[in-house]
Amino acid sequence: MNYIPNILFALLLIAGFGYFAKNVRKLIRNIKLGQDVDVSDNKSQRWKNMTRIALGQGKMVKRPIAGFLHIVVYIGFVIINIELLEIVIDGLTGSWRIFSYYQELYGVLIGTFEILAVLVLVSVIVFWIRRNIIKINRFWKNEMTSWPKNDANYILYFEMVLMSLFLIMNATDIHFQLMNSGNVVSQFIAPWFSGLPETTIHVIERTAWWLHIIGILIFLNYLYFSKHLHILLAFPNTYYGKVQPKGQLNNLEAVTNEVKMMMDPNVDPFAAPAEGAENVMPAKFGASDVQDLSWVQLLNAYTCTECGRCTSECPANLTGKKLSPRKIMMDTRDRLEEVGKNIDANNGEFKDDGKQLLGDYISTEELWACTTCNACVEACPVSIDPLSIIIEMRRYLVMEQSAAPVELNNMMTNIENNGAPWPYNQMDRLNWKDE
């Protein structure tokens with residue numbers, strides 16, 4: 001009978017981590033639906049970016065208040081969960097605070113954890129107030145419908161509960177309190193329970209202990225369905241983020257090869273295609289659905305924190321246009337999830353559902369409102385590039401559907417005929433000097 005709690009704990013761990021592993025495999029499968037892209041260059045720069053941006057929170061502090069609070073929550077939540085190792089060992093073996101054998105070091109660690117727990121609680125409460133009472137504008141844009149708003153609050157509630165359970169667990173652990181080492185915060189909470197029988201206090205401690213580990217496992221598995229997935233994906237996303245100058249766009253390989261062939265005097269334009277070439281599907285220009293995007297762009301979509309910094313910096317959005325870079329990323333992720341569910345429902349094969357990212361999720365009005373200024377890319381705290389998705393979808397509209405706006409068609413016609421965007425003959429370019 002003494003082993004029943006240990007068995008239940010082991011089953012709980014297996015179920016929690018097993019479900020998490022299943023969702024991770026699904027996540028990787030969905031990201032790999034994107035086109036392959038070579039990101040093996042500039043490894044040293046990529047490591048620097050990951051260290052500075054993801055680990056060091058380098059871009060968060062550009063907005064000092066939110067940045068500082070986020071760093072507190074980030075550091076506190078990560079460091080406090082180091083204690084998870086002790087909880088796992090205690091749960092599997094039936095021991096009590098197995099690391100307390102090293103009392104002095106243990107006291108320093110737990111004391112640090114308790115201080116961080118209080119700081120995390122305060123920071124999370126401030127975040128909740130900013131979001132729900134002050135109602136900062138970027139949290140209440142049109143794309144922030146019921147689920148995104150609720151999701152953000154659920155995460156804050158999760159963190160409040162987990163930190164509170166950690167402190168209550170320590171405060172009601174009588175033996176830990178008697179050690180009088182590391183209980184820098186919980187010693188002030190312990191008197192709240194002093195009037196209760198010892199058995200009741202023990203039940204409260206065990207309940208807090210179990211709820212704490214169950215809450216961590218629930219939170220871990222909630223990540224896949226939440227914007228908080230960036231906790232895990234910020235590191236690979238910043239590593240694989242763009243290292244070229246922000247204004248540098250990629251070239252379509254099919255177009256590049258075509259231009260090279262046109263400029264090669266040794267190429268016979270009337271030569272018959274190579275054997276079997278007639279059976280090869282021509283490359284698609286741009287992107288109309290998530291499978292046409294690169295896997296890095298799909299990783300971007302899953303990494304989006306929905307913080308709205310990109311949209312709050314977007315000049316098109318600020319002047320009342322329909323475009324929201326955050327919505328572009330959210331729509332891409334929603335469509336990718338829909339495609340993934342389609343594959344799951346059809347035994348690993350995607351069945352055409354008559355929908356696509358372009359039109360059903362993202363409108364052409366949004367795409368053409370973009371000024372390609374890169375403000376959204378610069379603002380993102382985890383190196384997401386909404387502009388690259390916009391550019392790929394514009395390419396599809398222009399090169400596959402010939403659906404460019406009239407103004408753009410006029411410009412391209414002028415470039416073709418006059419070698420410049422303006423509707424003037426090349427011979428008339430210097431007429432201004434006679435005026």
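How much space lies in the second largest pocket? The points below take up that question first, then the largest pocket and the cysteines.

1. This is a predicted model. In it, the second largest pocket holds about 980 Å³ of space. Its lining is made up of 39 residues, and those closest to the centre are His70, Glu159, His228, His230 and Ile231.

2. Several helices contribute to the lining of the second largest pocket. At least two residues each come from helix H2 (43–55), helix H3 (64–80), helix H5 (103–132), helix H6 (146–171), helix H9 (198–222) and helix H10 (230–239). H3 gives the most, with six residues.

3. Sorted by class, the lining of the second largest pocket has 27 nonpolar residues, six polar and six charged. Domain 1 (40–240) and domain 2 (253–267 + 282–424) each supply at least three residues of this lining.

4. The largest pocket has about 1,100 Å³ of space. It is lined by 36 residues, and Val37, Asn250, Ser294, Gln297 and Glu392 lie nearest its centre. The largest share, four residues, comes from H19.

5. What classes of residue make up the lining of the largest pocket? There are twelve nonpolar, 13 polar and eleven charged residues.

6. On the cysteines, the disulfide count is zero. The cut-off for a disulfide is a pair of cysteine sulfur atoms within 2.5 Å. Cysteine 314 is in no disulfide, and the nearest cysteine sulfur, that of cysteine 373, is 6.3 Å away. Cysteine 314 counts as buried because its relative accessibility is 7%, the limit for buried being under 20%.

7. Cysteine 380 is likewise in no disulfide; the nearest cysteine sulfur belongs to cysteine 307 and is 6.3 Å away. With a relative accessible area of 9%, cysteine 380 is buried.

Conventions:
Residues are numbered from 1 along each chain as its sequence is written. This is a predicted model: local features need pLDDT of at least 70, side-chain atom pairs count only at pLDDT 80 or more; totals for chains, interfaces and linings use all residues. Side-chain values use heavy atoms; hydrogens and water are left out. Buried means under 20% relative accessible area, exposed over 50%, partly exposed in between (1.4 Å probe, protein chains only). On a 1 Å grid over the protein atoms alone, a cavity is a set of points where a 1.4 Å probe fits but cannot get out, and a pocket is an open set with protein on both sides within 12 Å along at least five of seven lines; lining residues have an atom within 4 Å of a point. Grid points are joined across faces, edges and corners, and a volume is the space filled by probe spheres set on the points. Ala, Val, Leu, Ile, Met, Phe, Trp, Tyr, Cys and Pro count as nonpolar, Asp, Glu, Lys and Arg as charged, and the others, Gly among them, as polar. Domain bounds come from an automatic or database domain assignment.
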